[in-house]
Amino acid sequence: FFSPCTMFPGLQTQLPWGDSEVPAGELLLVTHAATEVDGRFLLHHFLTQGLKVGGHAVLCAFHHTLMHYSSVQKKLDVPLETMSERLHFIDCVTGADEGFLYEPATAPLAALSQRIVRQLEAAGPSDAALVLVDDLTTVCSLAPLQEVLAFVWGLHALAKERGVCVLILMGNDVPEEAHLVNMLRHISVAHFDVTALASGYSRDVTGLASVAIRNPVTLQRDVKQLQYKVLDSTVRFGLRGSIPQ
């Protein structure tokens with residue numbers, strides 16, 4: 001484990017690895033119904049956790065440009081500019097600034113995997129290293145399934161071999177990708193599933209987050225149902241039912 005200061009304390013206190021820790025050598029899965037709700041605030045939570053302690057992060061962005069992530073981090077009062085030397089951003093949307101644009105023949109996902117490894121090696125040894133993929137649903141729209149599977153298993157191996165924390169975000173509302181989501185649930189130590197409120201709008205609650213953590217002893221999943229509220233500069237969490245709907 002590595003121990004940064006806590007980004008969203010209401011979330012971190014509900015996790016088994018302590019008030020201010022992120023699991024090294026493990027894979028985290030974040031899913032959301034992308035047409036209804038955006039679970040990327042969890043990506044920002046773990047990104048900030050790692051960078052705050054002096055770790056390095058490689059962010060493979062298939063959905064947004066660097067400007068978007070910088071804007072969100074400023075709202076959270078943790079600007080990326082203060083940690084830019086430790087964030088290795090790979091623009092997979094425009095390919096800008098030596099980014100990555102997928103091409104089956106000349107730039108397959110295997111090339112991106114090699115790029116991630118080189119970035120981590122160039123950063124040097126660190127007790128806090130993260131790789132974040134935003135998002136795998138977009139990757140699935142670009143590459144054939146077998147190539148995506150090889151990419152995922154490569155990231156999983158990277159986590160186990162180098163003690164890197166890998167976070168993968170993807171939609172859970174694409175029927176053709178249900179088997180991939182199930183596989184990722186199986187190999188992840190924690191699955192965060194973000195959903196909208198079934199009842200619709202609430203002044204006090206933005207949505208729900210199911211948190212399923214694999215128990216290292218029983219290997220069963222311990223599940224907590226959380227509510228969250230997106231505020232101007234943070235996200236407030238509580239157990240479901242603790243915040244009036």
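Predicted model: local features only at pLDDT ≥ 70, side-chain atom pairs only at ≥ 80, totals over all residues.
## Strand β1 and its neighbours

Strand β1 pairs with strand β5 (residues 165-171) in the parallel sense, over six bridges.

Strand β1 spans residues 27-32 and is mostly covered, with six of its six residues buried. In a regular strand the side chains alternate between the two faces of the sheet. Leu27, Leu29 and Thr31 lie on one side of β1, Leu28, Val30 and His32 lie on the other, and all of these are buried, which leaves both faces of the strand covered.

## The sheet as a whole

The sheet is open and has nine strands, in the order β3-β2-β4-β5-β1-β6-β7-β8-β9, with mixed pairing. The edges are β3 (87-91) and β9 (235-239); each has a single partner strand, so one side of each is left without a neighbour in the sheet. From one strand to the next, the twist averages 20°.

Strand β4 (residues 129-134) runs parallel to β5 and is joined to it by five bridges.

## The antiparallel strands

Strand β7 (residues 207-214) and β8 pair in the antiparallel sense over eight bridges.

Lys229 stands opposite Arg236 in β9. The hairpin that joins β8 to β9 passes through four residues.

## Helix α2

Helix α2 covers residues 40-52, 13 residues in number, and reaches 18 Å from its first C-alpha to its last, close to the 18 Å expected at 1.5 Å a residue. Twelve of the 13 residues are buried, so α2 is largely enclosed by the rest of the structure. The buried residues are Arg40, Phe41, Leu42, Leu43, His44, His45, Phe46, Leu47, Thr48, Gln49, Gly50 and Leu51. Just after α2, Gly54 has a positive phi of about 95°.

Which residues does His44 touch, not counting residues up to four places away in sequence? They are Tyr69, Val72, Gln73 and Leu76. His44 lies in α2 and has a relative accessible area of 2%, so it counts as buried, the cut-off being under 20%.

## Helix packing

Two packed helices are described by the angle between their axes and the distance between the axes. For α2 and helix α3 (residues 66-75), the axes come within 11 Å and cross at roughly 80°. The two helices are therefore roughly perpendicular to each other, as angles of 65 to 115 degrees are classed that way. On the α2 side the meeting residues are Leu43, His44, Leu47 and Thr48, and on the α3 side Tyr69, Val72 and Gln73.

Helix α6 (residues 145-162) packs with helix α7 (residues 178-187) at an angle of about 10°, their axes being 12 Å apart. That angle makes α6 roughly parallel to α7. The contact involves Leu145, Val148, Leu149, Val152, Trp153 and His156 of α6, together with His179, Leu180, Met183, Leu184 and Ile187 of α7.

## Cysteines

How many disulfides does the structure hold? It holds zero. Cys60 is in no disulfide, and the nearest cysteine sulfur, that of Cys92, is 5.4 Å away; a disulfide would need the sulfur atoms to be within 2.5 Å. Cys60 is buried, with a relative accessible area of 0%. Cys140 is likewise in no disulfide; the nearest cysteine sulfur to it is that of Cys92, 14 Å away.

Terms used: Residues numbered from 1 in each chain as written. Heavy atoms only, no water. Buried < 20%, exposed > 50% of the residue type's maximum accessible area, 1.4 Å probe, protein only. Pairing = 2+ DSSP bridges. Expected span 1.5 Å × (residues − 1). Contact = heavy atoms within 4.5 Å. Axes fitted to C-alpha atoms, helices over the stretch in contact; angles between N-to-C directions. Parallel < 35°, antiparallel > 145°, perpendicular 65-115°, else oblique.
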